[in-house]
Amino acid sequence: MNKIWAIFRKDLLIELRTKDSFNAMLFFGIVVLVIFNFAMESLRSSIHSAVPGVLWVAFAFSGTLGLNRMFAAEKENGCLQGLLMIPADRGVIYLGKTLAATVFMLIVEFIVFVFSLVFFNLTVWAEIPYLALIFFIGTLGFTAVGTLLSAIAVNTRMREVLLPLILFPVILPVLVNAVEATNIVLNTADYHALKLPLTVMTVFTIVFGTISYLLFEHVLED
Amino acid sequence: MSESSRSRMDAVLGVVLLLGMMLALYMAFIEAPREQTMGDLQRIFYFHVPAGITGITAFAINFVASLMFVIRKNRWWDNLALSAAEIGVMFLVMVLVTGPIWAKPAWFVWWTWSPRLTLSLVLCLLYVSYLLIRKYIEDPERKAMVSAVFGIIAFMDAPLVWFSIRWWRDIHPSLTSESGGLAPEMRPAFFTCMAVFQVLMIYLLRRRFYLESLSNELELIEREAGTAR
């Protein structure tokens with residue numbers, strides 16, 4: 001547990017001092033919102049039904065950017081070799097990295113969401129706890145498999161280019177259910193219907209979190 | 001298995017396959033009755049459905065082989081996994097091509113996001129990703145291990161995709177629907193095609209596996225020559 005925390009703290013410190021990926025993630029997330037506003041010009045009148053989809057595309061795109069940086073940064077100056085030498089199970093690295101990625105993504109998501117409230121003229125108060133829960137589970141599912149695939153992608157010839165190509169088909173269940181759940185909260189307010197998408201996302205997170213934890217050591221380059 | 005018995009087996013399988021394919025064509029186009037409402041259009045079903053089931057069988061083989069590779073770390077399993085993935089993608093592409101050809105006259109659209117169509121497309125994408133990963137890793141040991149991990153993830157993902165989308169409106173015909181499913185007169189043609197597709201998969205799997213083991217051997221020889229130089 002201490003080791004997980006140490007890795008998490010290391011990533012957090014680097015990020016706090018450089019703000020490299022955080023700035024990029026945030027800016028990209030906002031740019032996606034703006035782009036979608038132009039792309040959906042023709043459905044301006046019914047734009048509210050598109051907001052959940054737009055939000056999660058923004059989250060997924062900016063999240064991919066962050067995941068890419070996470071291991072790309074470790075490749076510089078042989079940091080990954082150092083990380084591999086810590087006297088702990090390799091799964092610990094996975095958990096620490098996943099934790100860090102989740103926290104970064106959630107912060108970015110919060111700010112992007114505030115921007116979307118302005119851009120799409122939304123008002124939310126009572127919905128906030130539900131949205132927080134959906135964002136949390138969705139993000140955890142995303143990073144659970146994203147961290148593993150990021151470690152895979154960064155050690156290939158294509159480096160960062162490969163991650164979105166292999167990540168998006170895999171995280172489709174999270175994306176579909178997160179959009180569905182967000183849509184329920186923002187557009188229907190039928191909170192009983194949330195149970196199913198939240199269950200599928202939770203199952204996804206547990207299944208892929210466990211697989212990734214167990215298999216993580218195999219994908220790291222020695 | 002010795003080299004000669006392997007090639008003899010392939011030859012026998014090839015002849016069986018050729019005869020089977022001719023029989024399947026006869027059954028599907030001549031023996032099977034003309035469908036009442038769709039007419040001859042329905043005959044594409046004899047190729048569409050078996051290709052789909054065969055593709056999924058190939059992905060299941062990829063999953064088992066990937067799992068075995070992670071446990072045993074034997075290249076034999078990696079060769080099998082790669083062969084199965086490539087062949088599965090090929091069958092799935094067949095499904096995704098024959099589907100719209102049938103759907104345009106039957107549904108008046110090429111494509112609709114109904115659960116089965118979406119799942120087939122996502123499966124195809126997942127295994128194209130699998131092949132992409134393989135393409136971009138040089139070191140054979142690492143390639144085998146990483147793609148085995150991804151093979152396991154891809155196959156585990158399929159049921160979750162299905163549970164996420166099965167609520168979407170489905171207009172796809174089903175073999176097990178309450179409306180009766182497949183007419184008894186059509187069953188011989190269907191099961192013939194089904195069997196022939198499975199034999200085709202096994203044949204292709206054997207050939208592709210053999211090709212891959214040859215390329216492994218070549219790689220080994222090249223490496224030895226490189227170190228000797």
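Here are some worked exercises on the two-chain model shown above.

This is a predicted model, where local features need pLDDT of at least 70 and side-chain atom pairs count only at pLDDT 80 or more, while totals for chains, interfaces and linings use all residues. Residues are numbered from 1 along each chain as its sequence is written, and chains are lettered from A, with ligands numbered from 1, in the order in which they are written.

**Exercise 1. Work out which helices of chain A supply the side that touches chain B.**

Step 1: Start with the contacts, where two residues count if their C-beta atoms, placed from the backbone, lie within 7 Å. By that rule, 24 residues of chain A are in contact with 24 residues of chain B.

Step 2: Now the helices, which are DSSP runs (H or I, at least four residues; strands are E, at least two) numbered from the N terminus. On chain A, H6 (128-154), H7 (162-170), H8 (172-188) and H9 (195-219) each supply at least two residues of the side that touches chain B. H9(A) gives the most, with nine residues.

Step 3: Sort that side of chain A by type, and you get 19 nonpolar, three polar and two charged residues. Here Ala, Val, Leu, Ile, Met, Phe, Trp, Tyr, Cys and Pro count as nonpolar, Asp, Glu, Lys and Arg as charged, and the others, Gly among them, as polar.

**Exercise 2. Describe how H7(A) packs against H4(B).**

Step 1: Two packed helices are described by the angle between their axes and the distance between the axes. The axes are lines fitted to C-alpha atoms, for helices over the stretch in contact, and angles run from 0 to 180 degrees between N-to-C directions.

Step 2: H7(A) and H4(B) (residues 115-135) pack at an angle of about 150°, with their axes 9 Å apart. That makes H7(A) roughly antiparallel to H4(B); the classes are under 35 degrees for roughly parallel, over 145 for roughly antiparallel, 65 to 115 for roughly perpendicular, and oblique for the rest.

Step 3: The crossing is left-handed, a label for a near helix turned anticlockwise from the far one by less than a right angle, with clockwise being right-handed.

Step 4: On the H7(A) side, look for Leu162(A), Leu165(A), Ile166(A), Pro169(A) and Val170(A), which meet H4(B) residues including Val122(B), Leu126(B) and Ser129(B). The tally for this contact is ten nonpolar, one polar and no charged.

**Exercise 3. Do the analysis again for H3(A) and H8(A).**

Step 1: H3(A) (residues 51-75) and H8(A) pack at about 135°, with their axes 8 Å apart. The two helices are therefore oblique to each other.

Step 2: Their crossing is right-handed. Residues in the contact include Trp56(A) and Ala60(A) of H3(A), along with Leu175(A) and Asn183(A) of H8(A). Overall it divides into nine nonpolar, three polar and no charged residues.

**Exercise 4. Is Glu221(A) buried, partly exposed or exposed, and which residues is Glu221(A) in contact with?**

Step 1: Find Glu221(A) in the segment after H9 of chain A.

Step 2: Glu221(A) has 14 C-beta neighbours inside 10 Å, so it counts as partly exposed. The cut-offs are 20 or more other C-beta atoms within 10 Å for buried, 12 or fewer for exposed, and partly exposed in between, with C-beta atoms placed from the backbone.

Step 3: Leaving aside neighbours within four places in sequence, Glu221(A) is in contact with Asn155(A) and Arg142(B).
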